[in-house]
Amino acid sequence: MATTALCTIADVQNRLSADGVSYRQDDIPPTLHGDVIDEASQTVYLYCLTRYTETQLAASNIVNHWAANVASFLLCERRGNPVPAGIKPKYDRTMKELEKVQEGRMPI
(Lines give C-alpha, C1' and ligand atoms only; values in the text may rest on other atoms or scores of the structure.)
Protein backbone atom coordinates (compact mmCIF):
# COMPACT_ATOMS: atom_id res chain seq x y z
CA MET A 1 0.00 0.00 0.00
CA ALA A 2 1.06 3.61 -0.42
CA THR A 3 3.40 5.15 2.12
CA THR A 4 3.01 8.93 1.89
CA ALA A 5 1.09 10.47 4.80
CA LEU A 6 -1.75 12.55 3.39
CA CYS A 7 -2.07 14.85 6.40
CA THR A 8 -0.05 15.98 9.39
CA ILE A 9 -0.73 16.37 13.07
CA ALA A 10 -0.98 20.13 12.43
CA ASP A 11 -3.94 19.41 10.12
CA VAL A 12 -5.59 17.42 12.91
CA GLN A 13 -4.84 20.22 15.40
CA ASN A 14 -6.63 22.63 13.06
CA ARG A 15 -9.76 20.56 13.67
CA LEU A 16 -9.37 19.60 17.33
CA SER A 17 -6.91 22.26 18.62
CA ALA A 18 -3.47 21.50 20.00
CA ASP A 19 -4.99 20.85 23.43
CA GLY A 20 -7.65 18.62 21.89
CA VAL A 21 -4.96 16.45 20.34
CA SER A 22 -2.86 16.48 23.50
CA TYR A 23 -5.81 15.40 25.69
CA ARG A 24 -6.34 12.40 23.47
CA GLN A 25 -2.70 11.32 23.77
CA ASP A 26 -2.29 11.14 27.52
CA ASP A 27 -1.62 7.40 27.48
CA ILE A 28 0.96 5.88 29.77
CA PRO A 29 3.25 5.16 28.06
CA PRO A 30 2.42 7.87 25.52
CA THR A 31 1.23 6.86 22.08
CA LEU A 32 2.32 8.83 19.06
CA HIS A 33 -0.22 10.23 16.65
CA GLY A 34 1.38 8.43 13.72
CA ASP A 35 -0.96 5.48 13.94
CA VAL A 36 -4.05 7.60 13.22
CA ILE A 37 -2.25 9.61 10.53
CA ASP A 38 -1.23 6.37 8.84
CA GLU A 39 -4.65 4.75 9.22
CA ALA A 40 -6.38 7.85 7.85
CA SER A 41 -4.00 7.99 4.89
CA GLN A 42 -4.48 4.30 4.16
CA THR A 43 -8.27 4.75 4.32
CA VAL A 44 -8.12 7.51 1.71
CA TYR A 45 -5.76 5.42 -0.43
CA LEU A 46 -8.15 2.47 -0.22
CA TYR A 47 -10.88 4.55 -1.84
CA CYS A 48 -8.77 6.55 -4.29
CA LEU A 49 -5.74 4.58 -5.48
CA THR A 50 -7.70 2.74 -8.16
CA ARG A 51 -8.33 6.06 -9.92
CA TYR A 52 -5.37 8.25 -8.95
CA THR A 53 -1.66 7.81 -8.30
CA GLU A 54 -0.08 8.30 -4.91
CA THR A 55 1.61 11.45 -6.26
CA GLN A 56 -1.71 12.92 -7.45
CA LEU A 57 -3.34 12.19 -4.11
CA ALA A 58 -0.46 13.67 -2.11
CA ALA A 59 -0.69 16.90 -4.14
CA SER A 60 -4.44 17.37 -3.68
CA ASN A 61 -5.76 19.82 -1.08
CA ILE A 62 -9.11 18.03 -0.85
CA VAL A 63 -7.35 14.73 -0.20
CA ASN A 64 -5.41 16.43 2.61
CA HIS A 65 -8.70 17.63 4.12
CA TRP A 66 -10.26 14.19 3.82
CA ALA A 67 -7.29 12.53 5.51
CA ALA A 68 -7.29 15.12 8.31
CA ASN A 69 -11.03 14.59 8.88
CA VAL A 70 -10.56 10.83 9.09
CA ALA A 71 -7.49 11.18 11.35
CA SER A 72 -9.37 13.53 13.68
CA PHE A 73 -12.23 11.06 13.95
CA LEU A 74 -9.86 8.14 14.57
CA LEU A 75 -7.89 10.05 17.20
CA CYS A 76 -11.07 10.90 19.08
CA GLU A 77 -12.45 7.37 19.09
CA ARG A 78 -9.22 5.44 19.51
CA ARG A 79 -9.73 4.70 23.22
CA GLY A 80 -13.47 4.33 23.07
CA ASN A 81 -14.12 8.02 23.72
CA PRO A 82 -17.01 9.83 22.07
CA VAL A 83 -16.28 11.82 18.94
CA PRO A 84 -17.11 15.55 19.29
CA ALA A 85 -20.26 16.72 17.51
CA GLY A 86 -18.21 18.94 15.20
CA ILE A 87 -16.01 16.09 13.97
CA LYS A 88 -18.55 13.35 13.27
CA PRO A 89 -20.41 15.17 10.43
CA LYS A 90 -17.09 16.00 8.73
CA TYR A 91 -16.09 12.34 8.91
CA ASP A 92 -19.45 11.17 7.57
CA ARG A 93 -19.31 13.68 4.70
CA THR A 94 -15.72 12.66 3.92
CA MET A 95 -16.62 8.98 3.74
CA LYS A 96 -19.53 9.70 1.38
CA GLU A 97 -17.24 11.76 -0.84
CA LEU A 98 -14.60 9.01 -0.83
CA GLU A 99 -17.24 6.50 -1.91
CA LYS A 100 -18.15 8.80 -4.81
CA VAL A 101 -14.48 9.03 -5.84
CA GLN A 102 -14.17 5.25 -5.69
CA GLU A 103 -17.26 4.88 -7.89
CA GLY A 104 -15.96 7.46 -10.38
CA ARG A 105 -18.76 9.94 -9.61
CA MET A 106 -16.49 12.62 -8.10
CA PRO A 107 -13.01 13.82 -9.09
CA ILE A 108 -10.36 14.97 -6.65
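User: How many of the 17 residues of α5 are buried?

Analyst: The model is predicted, and a residue counts as buried when its relative accessible area is under 20%. In α5 the buried residues include V63, W66, F73 and C76. Helix α5 is largely enclosed by the rest of the structure, because the number of its 17 residues that are buried is 12.

User: What share of the 108 residues in the protein chain is buried, and which elements does the chain contain?

Analyst: The secondary structure comes to six helices and zero strands. From the N terminus, the order of the elements is α-α-α-α-α-α. Within the protein chain of 108 residues, the buried share is 41%.

User: How far apart are the end C-alpha atoms of α5, and what span should its 17 residues have?

Analyst: Helix α5 covers residues 61-77. At 1.5 Å a residue, its 17 residues should span 24 Å. This agrees with the separation of the end C-alpha atoms in the model, which is 25 Å.

User: Which residues of α5 meet α6, and what is the handedness of the crossing?

Analyst: On the α5 side, the residues in contact are W66, N69, V70 and F73. Their partners in α6 include K88, Y91, M95, L98 and V101. By class, the contact of α5 with α6 has seven nonpolar, two polar and three charged residues. The crossing of these helices, α5 and α6, is left-handed.

User: Is α1 roughly perpendicular or oblique to α5?

Analyst: Helix α1 (residues 9-16) packs on α5 with the axes 9 Å apart, at an angle of about 70°. Angles of 65 to 115 degrees form one class. The orientation of α1 to α5 is therefore roughly perpendicular.

User: Which residues of α1 meet α5, and is the crossing left-handed or right-handed?

Analyst: The residues of α1 in this contact are D11, V12, R15 and L16. They meet residues of α5 including N64, H65, A68, S72 and L75. The contact of α1 with α5 divides into six nonpolar, four polar and two charged residues. The crossing of α1 and α5 is right-handed.

User: Is H65 buried, partly exposed or exposed?

Analyst: H65 lies in helix α5. The C-alpha atoms of H65 and V12, 53 residues apart along the chain, are separated by 9.3 Å. Buried requires under 20% relative accessible area and exposed requires over 50%. At a relative accessible area of 38%, H65 is therefore partly exposed.

User: Which residues does R51 touch, not counting residues up to four places away in sequence?

Analyst: R51 sits in the loop between α3 (34-48) and α4 (54-58), and counts as partly exposed at 45% relative accessibility. Its C-alpha atom is separated by 7.3 Å from that of Q102, which is 51 residues away along the chain. The residues that R51 touches are V101, Q102, E103 and G104.

Conventions: Residues numbered from 1 in each chain as written. Predicted model: local features only at pLDDT ≥ 70, side-chain atom pairs only at ≥ 80, totals over all residues. Heavy atoms only, no water. Axes fitted to C-alpha atoms, helices over the stretch in contact; angles between N-to-C directions. Helix = DSSP H or I, 4+ residues; strand = E, 2+ residues; numbered from the N terminus. Left-handed = near helix turned anticlockwise from the far one by under 90°. Contact = heavy atoms within 4.5 Å. Nonpolar A, V, L, I, M, F, W, Y, C, P; charged D, E, K, R; others polar. Expected span 1.5 Å × (residues − 1). Buried < 20%, exposed > 50% of the residue type's maximum accessible area, 1.4 Å probe, protein only. Parallel < 35°, antiparallel > 145°, perpendicular 65-115°, else oblique.
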